[in-house]
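Reader: Could you take me through the packing in this model? I would like to begin with the helices and then move to the strands.

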Amino acid sequence: MTTMTAPVLDSHCDTPSQILRLRNIALDSDHSQVDLPKLKKGGVDASFFALYVPASMDSDSGFEYACRLYDGVADAVARNPEALAFAFSAEDILRNMERGLFSVCLGLENGEPLASAPSRLEDFYGKGVRYVTLCHSRDNSLCDSCAQGTTWHGLSPFGREMVRRMNSFGMMVDVSHISDEAFYDVLRVSSKPVVATHSCCRALARHPRNMTDAMIRDLASEGGVIQINFYPVFLDDGFRSVLHASGLEEKGESVENAFIARPWDESARSAWYKVLDELSALPRPSYKRIVDHIDHVVNLVGIDHVGLGSDFDGICVTPQGLDSVASFSLILEELSRRGYSQSDISKISGGNFLRVWAGNC
Ligand SMILES: [Zn+2]
């Protein structure tokens with residue numbers, strides 16, 4: 001478990017989207033990757049809940065959607081005062097731990113809502129949002145995405161302005177999802193250390209969402225941190241081929257969209273759950289592959305620049321042995337088995353991220 005000075009922190013999960021799909025997070029639900037009983041079992045003290053705005057939304061509809069996600073989270077916190085509390089700083093997390101409460105921290109995933117009204121950045125901060133993932137799966141008004149990368153060849157002029165504005169009052173800049181060129185622009189513009197809240201190492205899996213060794217070195221030399229994502233596709237090239245060959249990606253997309261459109265519809269829900277079961281039946285990489293990525297970062301840049309950003313509730317398939325946040329502590333046990341000291345493990349499990357957070361304030 002944890003000590004009072006070393007919270008176990010997950011820097012990215014998509015639970016707000018699941019709340020909008022009528023998930024009651026107080027219940028231990030089948031097919032949920034994050035809920036209160038599972039968080040307790042997994043020994044997690046704090047998670048960043050992402051207000052994830054799909055890349056297909058324009059600035060105003062994205063803003064409206066992010067506010068709906070926020071309202072769902074605020075409602076879940078209000079309904080579970082004996083278990084949950086918001087945390088807007090590292091001190092809040094420690095205070096919540098003393099009271100036996102799990103900390104809900106907030107991030108905005110995709111900065112497009114800022115495009116038509118930049119002062120929304122301060123509004124989000126006021127609601128408790130502490131990082132902005134600049135984009136998602138498409139180039140947006142701030143920068144290029146690693147999934148496209150053809151609009152700006154890096155940050156846009158507006159994206160540069162937003163990075164400086166975030167630096168000015170303590171909003172962290174999240175470089176997950178952005179293109180390699182945009183990443184380097186961020187490092188040039190940002191006066192504060194940056195975070196990759198849910199990214200893996202491209203040396204171990206060639207997906208463009210992952211970071212090259214050179215990027216990880218440069219991120220670390222500026223004091224930043226890469227938080228390893230648990231998605232098997234980002235962990236292992238072999239699984240990426242298996243998934244592709246299964247045809248489940250295409251099939252899953254329409255079934256999931258039907259469920260998102262009608263979350264109250266039992267048949268839409270059970271069709272989606274059936275796809276999730278089929279995905280789980282594929283030969284998946286072990287959760288120990290997450291620790292391979294951690295080892296890689298540690299060998300490259302030392303112990304101070306790596307952590308954990310599960311992406312739970314945003315990934316439709318998980319590593320073997322780590323089906324939900326209930327098994328989170330297995331990663332810490334594996335680190336211990338591989339010879340990491342207790343103080344090293346506490347840096348990886350939250351200390352490094354909290355250092356960067358404090359360095360932004
Ligand atoms: Zn993401």
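Author: Helices (H or I, at least four residues) and strands (E, at least two) are DSSP runs, numbered from the N terminus. This is a predicted model, in which local features need pLDDT of at least 70 and side-chain atom pairs count only at pLDDT 80 or more, while totals for chains, interfaces and linings use all residues. Residues are numbered from 1 along each chain as its sequence is written.

Reader: At what angle do the axes of H11 and H12 cross?

Author: The axes of helix H11 (residues 248-261) and H12 cross at roughly 155° and come within 8 Å. H11 and H12 are therefore roughly antiparallel to each other. Angles under 35 degrees count as roughly parallel, over 145 as roughly antiparallel, 65 to 115 as roughly perpendicular and the rest as oblique.

Reader: Is the crossing of H11 and H12 left-handed or right-handed?

Author: The crossing of H11 and H12 is left-handed. A crossing is called left-handed if the near helix is turned anticlockwise from the far one by less than a right angle, and right-handed if clockwise.

Reader: Which residues in H11 and H12 meet?

Author: From H11, Leu 248, Lys 251, Gly 252, Val 255, Glu 256, Ala 258 and Phe 259 meet Ala 268, Arg 269, Ala 271, Trp 272, Val 275, Glu 278 and Leu 279 in H12. Two residues are in contact if their C-beta atoms, placed from the backbone, lie within 7 Å. The residues of this contact of H11 with H12 divide into 9 nonpolar, 1 polar and 4 charged. Here Ala, Val, Leu, Ile, Met, Phe, Trp, Tyr, Cys and Pro count as nonpolar, Asp, Glu, Lys and Arg as charged, and the others, Gly among them, as polar.

Reader: And how do H13 and H14 pack?

Author: Helix H13 (residues 288-301) packs with helix H14 (residues 329-337) at an angle of about 55°, and their axes are 9 Å apart. H13 and H14 are therefore oblique to each other. H13 passes H14 in a right-handed crossing. Lys 288, Ile 290, Val 291 and Ile 294 of H13 make the contact with Ile 331, Glu 334 and Leu 335 of H14. That contact of H13 with H14 divides into 5 nonpolar, no polar and 2 charged residues.

Reader: Why does Ile 228 count as buried?

Author: Ile 228 counts as buried because it has 29 C-beta neighbours inside 10 Å. A residue is buried if 20 or more other C-beta atoms lie within 10 Å of its own, exposed if 12 or fewer, and partly exposed in between, with C-beta atoms placed from the backbone.

Reader: Where is Arg 284 found?

Author: Arg 284 is in the loop between helix H12 (266-280) and H13. With 23 C-beta neighbours inside 10 Å, Arg 284 counts as buried. Not counting residues up to four places away in sequence, Arg 284 touches Pro 232, Phe 239, Val 317, Pro 319 and Gln 320.

Reader: Now the strands. How many residues of S2 are buried?

Author: In strand S2 (residues 46-52), 7 of its 7 residues are buried. Ala 46, Phe 48, Ala 50 and Tyr 52 point one way from S2, and Ser 47, Phe 49 and Leu 51 point the other way. In a regular strand the side chains alternate between the two faces of the sheet.

Reader: Which strands does S2 pair with?

Author: S2 runs parallel to strand S1 (residues 9-13), joined by 3 bridges, and parallel to strand S4 (residues 102-109), joined by 7 bridges. Two strands pair if DSSP finds at least two bridges between them. Asp 10 stands opposite Ser 47 in S2, and the bridge partner of Phe 49 in S4 is Leu 106.

Reader: What about S3 and S4?

Author: Strand S3 (residues 84-86) and S4 pair in the parallel sense over 3 bridges. Leu 84 stands opposite Phe 102 in S4. 8 of the 8 residues of S4 are buried, so S4 is largely enclosed by the rest of the structure.

Conventions
Axes fitted to C-alpha atoms, helices over the stretch in contact; angles between N-to-C directions.
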